[in-house]
Amino acid sequence: MTGLLWQIFNVLKEVLNRTIKFPELLLTLLGFSATKKLRLRVVILRDERGLPLASNEEAQPAYEEARRIFARMAGVSVEPAGWRVVTAPHAAPKAALDVHCTDGAWQDDLGTAGGFFRSLMARTTGGTLTGYGQPLTVFIVRSMSTHNGCSLGAATDYVTVEAKTLRTTRRLLAHEVAHACGLWHSKNPANLMAPRGPGEELAHWQAAVLRTSRHVTFF
Ligand SMILES: [Zn+2]
């Protein structure tokens, strides 16, 4: 039940922020482009034996890739939310290590996995009641049923990325973060929101939607 309340609360925060930022969205579409900030952190989970699923050195390049892509394509400066990459303090439950995407990410979020993710996010401050400037957290998980990365869009303040794909597909982290900032899939293979491929471009309107997400702020 707690998970459901969080989902509803997050969607309400998204609606509130999107409404307030609507004039800014229009200005951005007309060419307004002052640099904005997105607070982002990566948490590498530990398996049942307490072993990290990836090293800091394996996660950093994906973080840096997101920093580069968002600065270049959207004028958004990705900044650490307390830290850039950290390993979880203790072992994660199986439900959080082996997650679902299209076949059950919502149920995961309502169950043990979502509770665990929220407990880790609550260890640090930085959240706001209205959702304005809420940091995004990327959890590095062991496996995913149907995809390599997953986002529930505005309903959660986290996304998940599979450890083995983190090493091979750096753009995936940026792709999932962009979902959490309101973007959906593109059919253009050169686009960051293409489900597959090396694409990293964002159309002007996509940049405007990302820039007016509740996670992206001026200060
Ligand atoms: Zn996607």
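This report describes the fold of one protein chain, from its overall dimensions to single residues.

The structure is a predicted model, in which local features need a pLDDT of at least 70, side-chain atom pairs count only at pLDDT 80 or more, and totals for chains, interfaces and linings use all residues. Residue numbers start from 1 along each chain, as its sequence is written.

## Overall form

The protein contains 9 helices and 8 strands. Helices (H or I, at least four residues) and strands (E, at least two) are DSSP runs, numbered from the N terminus. The radius of gyration is 16 Å, close to the 17 Å that the globule rule gives for 219 residues, so the protein is as compact as a globular protein of that length. That radius is taken over C-alpha atoms, and the globule rule is 2.2 Å times the number of residues to the power 0.38. Along the principal axes, the C-alpha atoms fill a box of roughly 55 × 35 × 30 Å.

Of the 219 residues, 42% are buried. A residue is buried if 20 or more other C-beta atoms lie within 10 Å of its own, exposed if 12 or fewer, and partly exposed in between, with C-beta atoms placed from the backbone. Two residues are in contact if their C-beta atoms, placed from the backbone, lie within 7 Å. Among contacts between residues at least 6 apart in sequence, 67% join residues at least 24 apart.

| Partner of β1 | Sense | Bridges |
|---|---|---|
| β2 (residues 76-91) | parallel | 9 bridges |
| β4 | parallel | 5 bridges |
| β8 (residues 216-217) | antiparallel | 2 bridges |

In β2, T87 is the bridge partner of I44, and V86 stands opposite V43. R41 has T137 of β4 as its bridge partner, while L38 stands opposite V216 in β8.

## The nonpolar core

A nonpolar core is a set of buried Ala, Val, Leu, Ile, Met, Phe, Trp, Tyr and Cys residues joined through C-beta atoms within 7 Å. The largest such core has 57 residues, of which L45, A66, I140, L173, V177 and L210 touch the most other members. Helix α3 gives the most to this core, with 8 residues. Leaving out residues up to four places away in sequence, L173 touches A62, Y63, E65, A66, V138, V161 and L166.

A54 is found in the loop between β1 and α3. A54 is buried, with 21 other C-beta atoms within 10 Å. Not counting residues up to four places away in sequence, A54 touches I44, A59, I140, A163 and L166.

## Helix α6

Helix α6 covers residues 112-121, and its buried residues are A113, G114, F117 and M121. These residues cover an arc of only 95° around the axis, which puts them on the same side of α6. The arc is that of the directions from the helix axis to the C-beta atoms. An α-helix has 3.6 residues a turn, so residues three or four places apart point the same way. The buried residues of α6 pack against α1 (2-20), α4 (94-97), β3 (98-99), α5 (105-110), β4 (136-141) and β7 (158-162).

Q7 lies in helix α1. Q7 is partly exposed, with 18 other C-beta atoms within 10 Å. Apart from its neighbours within four places in sequence, Q7 is in contact with D109 and A155.

P135 is in the loop between α6 and β4. P135 counts as buried, with 21 C-beta neighbours inside 10 Å. From C-alpha to C-alpha, Q7 and P135 are 16 Å apart in space and 128 residues apart in sequence. P135 and D47 are 88 residues apart in sequence and 25 Å apart in space, again C-alpha to C-alpha.

Terms used. Two strands pair if DSSP finds at least two bridges between them.
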